[in-house]
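Here is a short report on one protein chain. Please look over the sequence and the 3D view before reading on.

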Amino acid sequence: MQRLLFATDLSSRAHWAMERSLLLAGEFSAPLTVLHVVDEDLPEAIARHHREAAEQTIRDRINALPAHHGVELTIRVVLGRAAREIVRQTEAEGAGVIVLGTAREERLADMFRGTTAERVLRAARAPVLVATRKIKGSYRRVMIGVDFSMASRRAIEHGVSLFPDATFFLIHAYEVPFAGFLHGRDSEAAIGEQHERKLTAMINDEMQALEREHRGRAPLFQRVMGRGRAPEVIRAEVERLCPDLLIVGTHGRTGVPHAIIGSVAEDLLSAPPCDVMAVKAW
């Protein structure tokens with residue numbers, strides 16, 4: 001990876017995201033840009049003072065974290081609109097991942113409704129990692145939502161590329177259409193078996209592609225299936241399997257609220273017990 005970019009609003013809620021970005025930069029041996037955007041509507045004198053204070057605050061917070069040792073750091077404090085500048089700086093520096101913290105201490109889903117995070121996810125090409133929890137270590141257990149789309153395949157590719165030594169859980173949720181009109185359990189079981197065959201075929205295809213790409217080495221994927229609405233199934237399995245990271249694909253046309261694994265992001269992200277990474281299909 002060429003570079004990571006961590007965007008901070010300097011709130012205490014961004015602390016975990018700062019720690020995570022430093023840890024990832026060290027693990028990837030990648031330089032890290034720490035970005036803070038000062039509101040361009042502030043009076044010039046206030047904006048100048050804000051910029052100076054923000055840079056010093058960032059330096060102090062980084063120096064207080066042991067994970068910063070050995071990481072090549074660049075601090076940028078710029079004037080503008082937050083989402084626009086985050087995307088612009090990401091593209092200018094060729095950052096491979098954008099790291100964000102939670103916007104506030106309310107439900108995480110709230111930060112995806114017309115906020116900076118939503119606008120970044122819609123406009124940026126790079127995957128966006130939202131760090132929501134205190135760091136316990138590297139990402140070793142990674143869950144990836146699968147709906148057989150190109151978006152979910154891209155999510156798998158990014159997950160394996162970024163965290164090749166992790167244990168991977170591919171989770172697929174399915175619903176039985178017109179269940180009330182089906183007769184007996186055999187019909188419902190047949191639908192479940194159809195989804196299972198499709199998931200197995202997708203995993204086999206991905207394994208073969210990864211083996212070719214990595215010269216015979218590819219991680220093992222554990223299959224996880226559940227009947228029901230995707231948000232409920234995924235949330236239940238996250239609680240059961242305790243992944244460190246949940247990766248979801250987005251089609252990149254209408255943003256996360258209506259594109260992650262179908263249109264389940266708002267429900268899924270209401271209270272995730274782990275960090276979440278959104279990956280675009282294109």
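## Basis and overall make-up

This is a predicted model, in which local features need pLDDT of at least 70, side-chain atom pairs count only at pLDDT 80 or more, and totals for chains, interfaces and linings use all residues. Residues are numbered from 1 along each chain as its sequence is written, and side-chain values use heavy atoms, with hydrogens and water left out.

The protein chain has eight helices and 10 strands. Helices (H or I, at least four residues) and strands (E, at least two) are DSSP runs, numbered from the N terminus. Of the 282 residues in the chain, 50% are buried. Buried means under 20% relative accessible area, exposed means over 50%, and partly exposed is in between (1.4 Å probe, protein chains only). Take the contacts in the chain with a separation of 6 or more: residues 24 or more positions apart account for 77% of them. A contact means heavy atoms within 4.5 Å.

## The sheet

The 10 strands form an open sheet with mixed pairing. Their order is β3-β2-β1-β4-β5-β10-β9-β6-β7-β8. β3 (73-80) and β8 (221-227) stand at the edges. Each has a single partner strand, so one side of each is left without a neighbour in the sheet. Neighbouring strands are turned by 25 degrees against each other on average, direction ignored. Axes here are lines fitted to C-alpha atoms, for helices over the stretch in contact, and angles run from 0 to 180 degrees between N-to-C directions.

Strands of a sheet pair through backbone hydrogen bonds, either parallel or antiparallel. Two strands count as paired if DSSP finds at least two bridges between them. β1 (residues 4-7) and β2 (residues 32-39) run parallel and are joined by four bridges. Leu 4 has Leu 32 of β2 as its bridge partner.

## Helices on the sheet

Helix α1 (residues 15-28) packs on the sheet. It touches β1, β2, β3, β4 (97-101), β5 (128-131) and β10 (275-280). The direction of α1 makes about 170 degrees with that of β1. Helix α3 (residues 82-93) also packs on the sheet, touching β1, β2, β3 and β4. Its direction makes about 140 degrees with that of β3.

α3 has 12 residues. It reaches 16 Å from its first C-alpha to its last, close to the expected 16 Å, a span set as 1.5 Å times one less than the number of residues. Its buried residues are Ala 83, Glu 85, Ile 86, Val 87, Gln 89, Thr 90 and Glu 93. What covers them includes β1, β2, β3, β4 and α4 (116-123). Just after α3, Gly 94 takes a positive phi of about 65 degrees.

## Nonpolar cores

In soluble globular proteins, nonpolar side chains tend to be buried together. A nonpolar core is a set of buried Ala, Val, Leu, Ile, Met, Phe, Trp, Tyr and Cys residues joined through side-chain atoms within 4.5 Å. In the largest core, of 47 residues, Val 142 and Phe 163 touch the most other members. α1 supplies the largest share of this core, six residues.

Which residues does Val 142 contact, leaving aside its neighbours within four places in sequence? They are Phe 163, Ala 166, Thr 167, Phe 168, Phe 169, Leu 245 and Ile 247. A second, separate core has 19 residues, including Val 78, Ala 95, Ile 98 and Val 120.

## Aromatic pairs

The whole structure holds three aromatic pairs. Rings of Phe, Tyr and Trp (its six-membered ring) pair if their centres lie within 6.5 Å; planes under 30 degrees apart count as stacked, over 60 as edge-to-face and the rest as tilted. Phe 28 and Phe 163 form a tilted pair, 6.1 Å centre to centre, with 45 degrees between the planes. Phe 28 lies in α1 and Phe 163 in the loop between α5 (150-162) and β7 (167-174), so the pair ties together parts that are 135 residues apart in sequence. Phe 28 is buried at 19% relative accessible area, and Phe 163 is buried at 6%.

The rings of Phe 168 and Phe 221 have centres 5.8 Å apart and planes at 65 degrees, so this pair is edge-to-face. Phe 168 lies in β7 and Phe 221 in β8. Ring pairs also link Phe 28, Tyr 139 and Phe 163 into a cluster.
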